[in-house]
Amino acid sequence: MKKYLTLFKLSFQQELAYPINFVMWRIRNVIQIFLIFFLWDTVFSDPNKIAFGYDKAKILTYVFGLVVVRPIVLSAKSFEIAGEISRGELSNYLLKPLSYFKFWFTRDIASKVLNILFAFFEITVLYLILRPPFFFQIQPIYLLAFVMSLVFAIVLYSLLIFLFSMFTFWNLEQAWGFAFLLLLFTDFLGGGIIPLDVLSAPIQKVINVLPFPYLLFMPLQIYLGKLSFAQTGVSLVTSGVWILILFIVVNLVWKKGIKTYKAEGK
Amino acid sequence: MDRSIIVERLTKNFEVNQKGKGLTGTISSLIQPKRRLVNALKGISFSIKPGELVGFIGPNGAGKTTTLKILSGILYPTAGFVNVLGYTPWERKHDYLKKISLIMGQKNQLWWDLPAQETFELNKAIYEIPAREYQRTISELIKILDVEDLLATPVRKLSLGQRMKMELVAALLHNPKVVFLDEPTIGLDLIAQQKMRDFIVDYNRKFEATIILTSHNMDDLVNIAKRVIVIDSGEIIFDGNLSDLVNHFAKEKIIKVSLSKEVDFQKLESIGEIKEINLPFVTISVPRPATASAAAVLLQSFLVDDLTIEETPIEDIIRQVFKGGLKKK
């Protein structure tokens with residue numbers, strides 16, 4: 001365990017090795033928030049307008065909620081895996097008494113902690129500037145479920161990145177393509193752009209079977225108290241089952257991939 | 001255990017994507033990928049005793065690095081048996097990985113943006129090196145390689161030679177019993193090369209470590225490896241003492257004569273291939289079986305002050321090995 005703790009500390013230093021880079025990344029996030037915020041603010045310029053069951057207050061609450069949940073769930077370093085496999089840098093890790101995925105999961109967590117620290121500061125400032133209607137959940141049971149759903153989402157997201165990155169074993173040249181696909185899925189099927197409940201019920205049913213809505217959409221719904229106890233339970237169980245499935249699949253694919261690994265270049 | 005490395009009938013096949021020239025080639029390979037099977041290793045066998053230092057040589061693409069990668073557990077073999085220190089490398093048991101190290105001149109494990117000592121600390125944790133042992137090893141390595149002043153410098157600001165030294169420290173911190181060195185002196189200046197060689201010999205002796213070394217640097221081999229394994233096109237064509245390499249492969253001997261009078265060089269050429277003329281000295285290379293008769297002819301037909309018969313220099317043989325010009329006997 002100590003090895004991953006040391007790695008955790010080192011990741012922090014690494015993230016801050018290029019402070020300007022990091023600051024720019026945070027600025028990008030802030031601008032993105034402004035963009036999404038003003039987009040919806042304009043769409044719902046009439047405060048009485050209701051579209052897809054959302055009025056202005058509700059949609060802005062969702063959007064602002066995204067601002068909080070995004071850095072927690074989506075800050076991840078493990079997108080580098082694809083490149084490492086295709087450039088042969090994976091060899092470095094295979095030589096060490098170390099689990100490759102635990103290594104990257106640790107780096108993901110370090111990245112999240114750092115991003116959350118900054119996001120917390122930004123969100124406070126933005127909240128004071130934009131003064132969005134924000135819903136404060138106070139029921140402990142929902143808060144607990146929300147934290148659980150976030151933990152599940154974090155694990156789920158890292159597993160998804162691992163899985164999508166490992167296609168590189170068989171397609172060395174297309175290292176980035178699949179990771180890009182995952183980013184698309186996360187945004188469109190995960191609720192990163194629009195709340196998924198604006199979609200028609202049958203489509204929602206299909207999407208809810210996939211792992212993606214459990215990244216951003218479901219945790220937010222739980223926080224906003226939009227799900228009943230039963231629905232909250234189903235949501236948590238479904239994402240738990242996905243974690244189990246992906247855990248097994250990732251390990252299987254890894255075992256196969258590592259056998260075809262050519263350690264090219266290095 | 002009397003052998004630390006055992007390799008038997010080790011085979012490795014690769015599937016390689018073939019791509020045509022230019023844009024059209026790229027497009028056609030997208031539509032119809034052509035794959036070619038490469039037999040990188042064709043069933044090689046050898047074994048190495050504990051504490052031995054073996055040079056692994058051969059032309060580019062002969063299978064040297066592939067062998068090292070399999071021995072260190074990075075690659076799975078297609079077929080064959082390998083046992084290193086009682087372990088099967090590609091199972092990558094943590095106990096095994098703690099006992100070996102693979103060092104490649106073109107590979108780096110150091111964290112690029114951080115000082116090298118951070119990587120060392122991380123490796124200390126990863127390899128679970130006890131604090132006292134770590135202190136002892138690192139201070140020794142730092143002293144031998146003379147890198148004390150550079151520990152706090154971010155790796156990206158180090159020169160290639162300095163970085164190689166740091167890579168070496170990082171790779172040896174856990175005191176491996178078996179070390180695979182792939183081109184350890186590549187890109188280093190002459191002085192650094194010599195230091196590296198001294199270090200390898202030193203490490204081998206001090207820790208009784210088993211070392212396999214591949215190199216394209218003649219001096220690396222001549223100065224430090226007693227035993228060499230020559231590999232070409234995935235097959236071992238020689239395995240023995242470096243000094244026997246000449247007897248094994250040299251088809252010619254070298255006759256050096258000192259002439260006391262101007263001679264007809266055409267007549268000399270009929271005896272053997274003239275390698276060098278630096279009057280009064282002439283160097284002729286003759287086929288081994290004909291050495292004695294050639295010497296006799298020389299002494300009879302020319303006014304010779306002095307005559308010596310020598311073996312082909314080991315450097316020439318190794319040069320031929322790198323060119324891939326040697327065949328299995």
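In helix H11 of chain A, Thr232(A), Ser235(A), Ser239(A), Trp242(A) and Val250(A) are buried (20 or more other C-beta atoms within 10 Å of the residue's own, with C-beta atoms placed from the backbone; 12 or fewer is exposed, and in between is partly exposed). The model is predicted: local features need pLDDT of at least 70, side-chain atom pairs count only at pLDDT 80 or more, and totals for chains, interfaces and linings use all residues. Residues are numbered from 1 along each chain as its sequence is written, with chains lettered from A and ligands numbered from 1 in the order in which they are written.

H11(A) covers residues 229-260. Helices (H or I, at least four residues) and strands (E, at least two) are DSSP runs, numbered from the N terminus. The 32 residues of H11(A) reach 46 Å from first to last C-alpha, close to the expected 46 Å (1.5 Å times one less than the number of residues). Its buried residues pack against helix H7 (140-165) and helix H10 (217-223) of chain A.

Not counting residues up to four places away in sequence, Leu156(A) touches Pro211(A), Tyr214(A), Leu215(A), Ser239(A), Trp242(A), Ile243(A) and Leu246(A) (contact: C-beta atoms, placed from the backbone, within 7 Å).

Chain B holds an open sheet of three strands, in the order E2-E1-E4, with antiparallel pairing (at least two DSSP bridges between two strands). E2 (34-48) and E4 (79-84) of chain B stand at the edges with a single partner strand each, so one side of each lacks a neighbour in the sheet. The twist averages 30° from one strand to the next. E1(B), residues 5-18, is joined to E2(B) by 12 bridges. Ile6(B) has Ser47(B) in E2(B) as its bridge partner. Helix H2(B), residues 64-71, lies across E1, E2 and E4 of chain B, at about 115° to E1(B) (axes are lines fitted to C-alpha atoms, for helices over the stretch in contact; angles run from 0 to 180 degrees between N-to-C directions).

Between the chains, 25 residues of chain B contact 19 residues of chain A. On the chain B side, H3 (94-97), E5 (100-104) and H4 (116-126) each supply at least two residues. H4(B) gives the largest share, five residues.

Definitions and conventions. Contact = placed C-beta atoms within 7 Å.
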